[in-house]
Number of protein chains: 2
Amino acid sequence: MSDHRNGLRRSSINLSDAIIPGLCAGCEARHIGLCDALADEDLHFLASVAKSHTVPKGRMFVAEGDKARHFFNINRGTAKLFKDLPDGRRQITGFVGAGDFVGLAAADHYAFTAEAINEVRLCRFDRTELRSVFTTFPALERRLLDVASHELILAQEQMLLLGRKSAIERLASFLLGWSDRAEICPNGAQALALPMTRADLGDYLGLTFETVSRALSALKRQNIVEVGKDHGVRILDRDRLSAFATSRS
Amino acid sequence: MSDHRNGLRRSSINLSDAIIPGLCAGCEARHIGLCDALADEDLHFLASVAKSHTVPKGRMFVAEGDKARHFFNINRGTAKLFKDLPDGRRQITGFVGAGDFVGLAAADHYAFTAEAINEVRLCRFDRTELRSVFTTFPALERRLLDVASHELILAQEQMLLLGRKSAIERLASFLLGWSDRAEICPNGAQALALPMTRADLGDYLGLTFETVSRALSALKRQNIVEVGKDHGVRILDRDRLSAFATSRS
DNA sequence: CGCATACTTGAGCGAAATCAAGGCCTGTGG
DNA sequence: CCACAGGCCTTGATTTCGCTCAAGTATGCG
């Protein structure tokens, strides 16, 4: 459920916990993407070039402009990737969660900053070592090219959102996309967790946090979504939400 | 020169014209990227799986939603890649020129439409054949991963532009970026050709064509750029243009 | 309990969209 | 040759959506 829309399953490597991280059952299902492509012995080899880390909430673990030494795979938690302008304006280019890769959009230096929204567990690879791994396991490179292609598709979708959609359309599009890629783990009846603040949402959608709040209130008022006090959102009317996501007014 | 800012040289394959297309001297220099990575015999093998085509001005050659059978490399001319909303709003996600690849942002189906702005000459590969070429020439796959990474960097930069920059900042950013990747071919004293219309520019920058026109007039009024009647633009004060590109007001 | 942070809601403003008019260039046909 | 039509572009007038500023509520933590 959940990933068929993306057209690409996400995959996660965790090597301290013997390849598949100890996540809840719902998430585990989504972590087989990379394992599919590689034999067990390959995965164990990969394990030897990666290090597991825990990033506390609010801590930055990639800084725009820094030399791009590492490449990451998220095991647990959520992080935001963003770019800042000198005067403080910020554009979040994506939220990443379990199974996502971080560091593809980098040449010599990182083109973005990454910061943990809540506690994040991740695997860190050395980029130079990764290069040599590619020659041994071409399947990994193939897979990363697929991942990059998929991220390009998402990026273009986001450009359409930022360049041409109204505030309500942006929020509706986000909620639908987020629900598609959501952790279905701890929630009882399919409420989505929104670990990011309204300000983060604004920085992602090219809006102010006030406008995000107003748009969400508008959706609540029309009984399209329901918001719990634990920052959980429940989509009550997916059809009308979809209508908002693409059509004017 | 010109491509050091991008951090990645663009490469072009043309097989009807024996690998390097018959372009002017200035452009030829930028077409060696892929050739660097491959031996002559590899290039000749590649030639056997590609077909050269000419796309007339205004003709669409990739349609969003179509099965993604092909992969393209532009030899000459300029095309726009875009996504449309049902009500006609359009977001151009990029302009591509000689040396650029088209079709990376595709899974099973194209996620965008591509249309020639002027007459375009391109090389067409079959995606399935390309896959098998990868196993024979891993250098090609490595290179495509680099290209995809680079496009992700550009996409994130564009998200920052669309989400957070003012009209004048958007135009200034575009002019600087365009001048970096410009064909330095036929122009005498470094005027850039703008083959796209104001409407295209608006669709790329998330603005209306009127706003683009006004912003350009503002830059003219301040003697920062000069616009010829051949749609050529000359940057008179690159420093002040750069200042506009990042700072407010 | 007090303070900080996150969120909501309202009022007024402003940048860009929309609506509208006119200019310039190219091609076409009388 | 001129007349005219249709793009493309510029500029002005008005509207509007989202931003800014401001006040107030809720939640969580020392």
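1. In this predicted model, a backbone N or O atom of Ala167(B) lies 2.8 Å from a phosphate oxygen of DNA strand C, a polar contact being a pair of N or O atoms within 3.5 Å, where within protein one must be able to donate a hydrogen and the other to accept it, and residues adjacent in sequence count only if both atoms are side-chain atoms.

2. On conventions, local features need pLDDT of at least 70 and side-chain atom pairs count only at pLDDT 80 or more, whereas totals for chains, interfaces and linings use all residues. Residues are numbered from 1 along each chain as its sequence is written, chains are lettered from A and ligands numbered from 1 in the order in which they are written, and side-chain values use heavy atoms, with hydrogens and water left out.

3. DNA strand C is surrounded by 18 residues, of which the closest are Arg198(A), Ser213(A), Ser217(A), His231(A) and Thr211(B); a residue is near a strand if one of its heavy atoms lies within 4 Å of it. Sugar and phosphate make up 64% of the atoms of DNA strand C that come within 4 Å of the protein. The largest share of this surface, 6 residues, comes from α8(A), and by class the surface has 3 nonpolar, 8 polar and 7 charged residues. Here Ala, Val, Leu, Ile, Met, Phe, Trp, Tyr, Cys and Pro count as nonpolar, Asp, Glu, Lys and Arg as charged, and the others, Gly among them, as polar.

4. Around DNA strand D there are likewise 18 residues, the closest being Ala167(A), Thr211(A), Ser213(B), Ser217(B) and His231(B). For DNA strand D, sugar and phosphate account for 62% of the atoms that come within 4 Å of the protein. α8(B) gives the most to this surface, with 6 residues. An N or O atom in the side chain of Arg198(B) is 2.8 Å from a phosphate oxygen of DNA strand D.

5. Lys220(A) has its place in helix α8 (residues 209-221) of chain A, helices (H or I, at least four residues) and strands (E, at least two) being DSSP runs numbered from the N terminus. Because its relative accessibility is 35%, Lys220(A) counts as partly exposed, where buried means under 20% relative accessible area, exposed over 50%, and partly exposed in between (1.4 Å probe, protein chains only). Leaving aside residues up to four places away in sequence, Lys220(A) touches Val225(A) and Val227(A), contact meaning heavy atoms within 4.5 Å.

6. Asn223 deserves a look in both chains. Asn223(A), in the loop between α8 and β10 (225-227) of chain A, has a positive phi near 55° although it is a residue other than glycine, and it counts as exposed at 52% relative accessibility. Asn223(B), in the loop between α8 and β10 (225-227) of chain B, has a positive phi of about 60° and is not a glycine; at 53% relative accessibility, Asn223(B) counts as exposed.
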